[in-house]
Amino acid sequence: MSLPAALVAASRTDPAVARDHLFTAGTLDRYRTVLAAGIDRVAHRFATADQPFTGVTPADLAPRIEAVDLDRPLADTGAALDELHDVYLRDAVYFHHPRYLAHLNCPVVIPALLGEAVLSAVNSSLDTWDQSAGGTLIERRLVDWTARRIGLGPAADGVFTSGGTQSNLQALLLAREEARTRAGLRPGPAALARLRVLTSTAGHFSVQKAARLLGLDPDAVRAVDTDGQRRMRPDALAREIARCREDGLLVMAVVATAGTTDFGSIDPLPQTADICAAAGVWLHVDAAYGCGLLVSPTRRHLLDGIERADSVTVDYHKSFFQPVSSSALLVRDRRTLRHATWHADYLNPARAVEQRIPNQVDKSLQTTRRFDALKLWLTLRIMGPDAVGALFDEVVDRAAQAWQLLAADPRFEVVTRPALSTLVFRWRPAGLAADLVDDANLYAREALAASGAALVAGTRVDGAHHLKVTLLNPETTGDDIAGVLDLIAEHAGWYARTRTADELSCPVG
Ligand SMILES: *Cc1c(COP(=O)(O)O)cnc(C)c1O
C-alpha cells in the first residue's frame, strides 16, 4: 500500500533545514535567539505566578497533551513555546513560590541555572576523560571538597549520581560486597540470604528498594525504633545487631539518616558510629536532606560524627538549592569503589588505569552521565559556600518559628520540634472523633491543592493522617505559614461540620 502523494511530500524535509537546528558554529544566532525566547517565557510565567499551582487535574490536562500531533511540527519556536505554555508552563508546580511547602524541592540559585545551560550545550559526558576532559577534573575537585567538608580523611573519594536513591543503592552495593568478602562468603543465594541492613523506622524507602535490587532477603531491612524526636535509638540499634548475630545473620550495613524525609530528624551519629565500629559494621549516613548543614555558618555541629561514616549520600538538589539532578556518593576508602568497576575494551580498558587516565565510569553505576557538577561549581565560584549555607540556615530558622506557631495553636497538634526544616502536624481541635480528624486532614490537603493557593504534603504517623510542610524557600515568611494554617483549618473545619451535619440528618439505622 502506498501513501498518498501529498503526505509523502509533506513528510520529506530538506536536510539543510534540519541542519539549521543543530547547535554548531554555523547556528550561533539561532542558539542565542531560541534560548533567549525560552528564558523570556519562563521569566514571564514567574512574574505572573501568584499561586504555586493552578490546581489542574490529570483529567483537565491529559486531553490537551493527547491532542498534540507529535508527527507534525509547528511553524516556529514561538508557536512551540505558545503550545508549551498550554501543556506545561501554565499549570506546572512552582517551587520558587513562597506557599509551595510540600516536598523536598528547593527554589534554585541562578549560578546553577547558568551551569545547567552551559553543561547541556557543551554536553560533556562524564563517563570517560576522552568525553569530558576538564569536566572530569572539576567533578573530582567537588567530590574532594565535599569529602573534606564531611571530614572523611585522606583516602576518601566518590562520584556524582542522579539522586539520593542511586547514592543509597551504590553505597549498599559497596557495603554488601565488603561484608561478603570480609566474611569469606562466595557470591550467591546463600550469602545474600544471610545479609541484613539496619535503619530506623523513619529511614528512606530507597533503602528497601536498594535491598531488593541487591538480591537480599525480602526481610533484609530491619527497622530500628526511634525516640520521641524520631531519631534512631542507639540502645535499640545495639540490640538489633546482637539479635542478628544470635540468629547467625550478617549485618552488612547500618544506614543512619541525617535529616529524615518526614521529620528532618538527625540520628545520633557519634553513638551510631561507636556501635558500628565496635561491631565492625559499615556505616552509611544518608544525608540527602541534611547535607546543607555542611555549609551552614551556624549549624555544622548538628552533623558531628558524620566524619566517621564509611559512605555518605548528599543531595545538592535538596539543600544546596541546585536544580534536579545533583547528588553524590562519598566514601571513606576509595578502594571500595572497585565494586562498581567494570572494564570495557571500547570505553575504559584496564590499561587506562595504569596510564592514570581518570575515567569516572570506573566508580559509577551509570555510563553516559551529565556534568551536573558544573552547577555546584558555578554556585561555589559565584556565591560561595557560606551564602548557600546562609540560605539553608534561614529556612531552618523559619521552621523553628513555625513550630512555635503550631505548638501554641489549639487547632493543631505538632509531632516533633524540627532540627531541620520540616514540620509534621495535624488539625485536631479538642473533642472530635479520631476517624473524623483523620478524614478532615486528608480532605484539607486535597482541597488546598485543588485551590492551588498553597501546597503541603501528607504522611502517616503512627497510623494517623498528618500534614507536612517542608520549608526550603527563604522567601516563605511567617505570615505565609500562618495564612496556610488558616486555610487548612478552614478546609478541615468545613469538612468536619459538613460530615457531622450529614450524620445528624441521615442517622445510620
Ligand atoms: C530524598 C531522599 C532520598 C532520595 O533521594 P532522591 O534524590 O529523591 O533520589 C533518600 N534519602 C533521604 C533521607 C531523602 O530525603
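1. Let's start where the two domains meet: 25 residues of domain 1 are in contact (heavy atoms within 4.5 Å) with 24 residues of domain 2. The model is predicted, so local features need pLDDT of at least 70 and side-chain atom pairs count only at pLDDT 80 or more, while totals for chains, interfaces and linings use all residues. Residues are numbered from 1 along each chain as its sequence is written, and side-chain values use heavy atoms, with hydrogens and water left out.

2. To find your way around, look for domain 1 at 112-383 and domain 2 at 386-505; these bounds come from an automatic or database domain assignment. Their C-alpha centres lie 32 Å apart.

3. How much area do domain 1 and domain 2 bury between them? The value is about 2,200 Å², with 59% of it on carbon and sulfur atoms. Buried area here is the accessible area (1.4 Å probe) that two parts lose on being put together, summed over both.

4. Four salt bridges are counted between domain 1 and domain 2, each being a side-chain nitrogen of Lys or Arg within 4 Å of a carboxyl oxygen of Asp or Glu. Have a look, too, at the salt bridge of Asp262 with Lys468, where the closest N and O atoms are 3.1 Å apart.

5. Now for the ligand, which 15 residues surround (a heavy atom within 4 Å). The closest are Gly164, Thr165, Asp286, Asp315 and Lys318.

6. Which distances can you check here? The side chain of Thr165 has an N or O atom 2.6 Å from an oxygen atom of the ligand. For Asp315, an N or O atom in the side chain is 2.7 Å from a ligand oxygen atom. Asp286 places a polar side-chain atom 2.6 Å from a nitrogen atom of the ligand.

Methods. A polar contact is a pair of N or O atoms within 3.5 Å; within protein, one must be able to donate a hydrogen and the other to accept it, and residues adjacent in sequence count only if both atoms are side-chain atoms.
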